[in-house]
Amino acid sequence: MPSSPPLSVFVSHKHISFPSGLHTTTTMYNLRRRTKLLLSVLPTSALLLILLFSNTRLRNSNSNTPKTHVHNRIQLAAHSACQDTLYKDLCVSTLSTFPDLSTKSVPQIISYTVSHTVSEVQASSSNCTGIIKKQFKKLDALQQIALDDCLELFDDTIAELKAVISDLSVKKLSSDRYYDLKTLLSGAMTNQYTCLDGFNDTGIVRHEIQSRLQTISQHVSNALVMLKKIPGALKYENSKSSTSSDMFPEFGPMKNGFPTWVSSKDRKLLQSVVNGTKYDLVVAKDGTGNFTTISEAVAVAPNSSATRFVIYIKSGAYFENVEVVRKKTNLMFLGDGIGKTVVKASRNVVDGWTTFRSATVAVVGDRFIAQGITFENAAGPSKHQAVAFRSGSDFSAFYKCSFVGYQDTLYVHSLRQFYRECDIYGTVDFIFGNAAVVLQNCDLYARKPNENQKNMFTAQGREDPNQNTGISILNSKVAAASDLVPVKAMFKTYLGRPWKEYSRTVYMKSYIDDLVEPAGWLEWNGTFALSTLYYGEYLNRGPGSNTSARVTWPGYRVINSSAEANQFTVGPFIQGNEWLNSTNIPYFIGLTP
């Protein structure tokens, strides 16, 4: 018989070869043996695997339980803090990153939100700087100016938000501090929209920056809502009852015809004659002063002054664009009277400027006051937006000044402002912006516009229902300028139209002449803002004051309650009792002198 072949074993499913005759018996034996071996090993292995798996799950379960509990606690705290905010998802996601959120006070939570927002603003600023550097050759002149506007507005925003953080660190919340917080946050939000307004709606640059700026605005909106949750805030917060005078408390009460934030010293200063006023610098065209231009005098004025610094501007026409930057605080421009001291320029949108940068005089430094000066933009009605004066100065006040232009004459950009016995001339939207502003005892004159144009006295720009802003026109005159009088039947004139979604404007106890259309108010675009705006009229007189044929928009109302009307006066609206005493400008605090 031939010799047996060697044993060949192939792993896995390969064939196993044995010597002839032994194949079946050996195979059965080996299979039984392997089966016993597997059965003897399996229980031990399975037990080890089960124990290992159970122990791992137990450890994971024990380690996750505190984490889950903490996460749930943070989520509950975030949802509670973010209740009633307009952008709740953003609010919750932001606060969920705040360590130990459930142990923090409401001011600390708001402060964290605002600090986070500051970082967002800084990132947007860096983004705009990067666009300027990388795309400089591709940018047109208007885009470059608009980006420069944004960088300035971001700096203002950061300053305002840091002031908010500082105010929130104070333990006791006073009414003054609460209104300051609302004002600063409202101004910070307005800055973002102003930045975007400088760009074409479909432009590439706007597309690159818009999302970030919208997020910043939403953070600020959420912070405004959370302010109401601070202990003690409810007694300062807007009351919807008809018997309350605190619905619009931004301006503050009045004393001797001025908001009390105009100090008695400043009020005396504004009411005094030039010869009786002590001034620090003199500007004179004829060389008899310290300087021949206003800009030179502003440049040498002290920075961050805590006391009033008076620049006397002698009679004459000064053809220049003047900027009072944020660090130039407590400045006063004192002129020789309307039509005598005139500051004049002609920047405009048609010639390549943004509306923001077109201003003949622009003021940002807080507590700016002016008396006896005409501010004019002479670009003309065909040049469209052309600002004579822009104020983003908190606690700014103007006495016996005139503002002369056509479209967009007076830009009441942001924060708290007061105008007393001033004349404002224009055509389209010629008092506009998003400040908390009272015009008291002023004369508003519509001029002759271009053919096919309409006159609108106001275009208020409140973007969010939580902002404490609006235009209040009290005890004033609404009439036609001399160039419009002979042709006023050829042009339609309105009290205002809604520039932004929550536009808010009131006319109270004023004389309205017959140039105003019976409808009173004009749409901006279709039904935009008609249900969210607040437009009111209270006890006005004159042939144009009849409200029987006024618009029937949901947001328009004839104010019948003196309590509701009082909400827009110098006291409640701009906290005038806190600051106007220092300006020497006369004012009255309520609806009547």
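Which residue of strand 24 does Ala446 stand opposite? The answer is in the second view below, after a look at the whole chain. This is a predicted model, in which local features need pLDDT of at least 70 and side-chain atom pairs count only at pLDDT 80 or more, while totals for chains, interfaces and linings use all residues. Residues are numbered from 1 along each chain as its sequence is written, and side-chain values use heavy atoms, with hydrogens and water left out.

**View 1. The protein chain as a whole.** Its secondary structure comes to 10 helices and 29 strands. These are DSSP runs numbered from the N terminus, with at least four residues of H or I for a helix and at least two of E for a strand. Of the 593 residues in the protein chain, 53% are buried. Here buried stands for under 20% relative accessible area, exposed for over 50%, and partly exposed for anything in between, using a 1.4 Å probe and protein chains only. Among contacts between residues at least 6 apart in sequence, 72% join residues at least 24 apart; a contact has heavy atoms within 4.5 Å.

View 2. Two strands count as paired if DSSP finds at least two bridges between them. Strand 6 is joined to strand 9 (residues 341–345) by 4 bridges, and Gly316 has Thr341 of strand 9 as its bridge partner. Further along, 4 bridges link strand 18 (residues 423–426) with strand 21 (residues 443–446), where Ile424 is partnered by Leu444 of strand 21. Strand 21 is also joined to strand 24 (residues 477–480), again in parallel and by 4 bridges. Now for the opening question: Ala446 stands opposite Ala480 in strand 24.

**View 3. Helix 2 crossing helix 6.** Helix 2 (residues 88–95) packs against helix 6 (residues 204–227) at an angle of about 85°, and their axes are 10 Å apart. The axes are lines fitted to C-alpha atoms, for helices over the stretch in contact, and the angles run from 0 to 180 degrees between N-to-C directions. On the helix 2 side, look for Leu90, Cys91, Thr94 and Leu95; helix 6 brings Thr215, Gln218, His219, Asn222 and Met226 to the contact. These residues divide into 4 nonpolar, 5 polar and no charged. In this grouping Ala, Val, Leu, Ile, Met, Phe, Trp, Tyr, Cys and Pro are nonpolar, Asp, Glu, Lys and Arg are charged, and the others, Gly among them, are polar.

View 4. The structure holds 17 salt bridges, each a side-chain nitrogen of Lys or Arg within 4 Å of a carboxyl oxygen of Asp or Glu. One of them pairs Asp180 with Arg416, at 2.7 Å from N to O. Asp180 lies in helix 5 (residues 175–197) and Arg416 in strand 17 (residues 416–420), so this pair ties together parts that are 236 residues apart in sequence. Asp180 is partly exposed at 22% relative accessible area, whereas Arg416 is buried at 1%. Another salt bridge joins Glu421 to Arg420, with the closest N and O atoms 3.1 Å apart. Glu421 is partly exposed at 27%, and Arg420 is buried at 10%.

View 5. The side chains of Lys488 and Asp514 meet in a salt bridge of 2.7 Å, N to O. Lys488 sits in the loop between strand 24 and strand 25 (493–496), and Asp514 in the loop between strand 27 (511–512) and strand 28 (534–538), so the pair ties together parts that are 26 residues apart in sequence. Lys488 is partly exposed at 27%, and Asp514 is partly exposed at 43%. Elsewhere, Asp149, Glu152, Glu323 and Arg357 are linked in a network of salt bridges.

**View 6. Two loop residues with positive phi.** Most residues other than glycine have a negative phi. Ser304 has a positive phi, near 50°, and is found in the loop between helix 8 (294–300) and strand 5 (309–313). At 56% relative accessibility, Ser304 counts as exposed. Arg367 also has a positive phi, near 60°, and lies in the loop between strand 10 (361–363) and strand 11 (369–371). With 28% relative accessibility, Arg367 counts as partly exposed.
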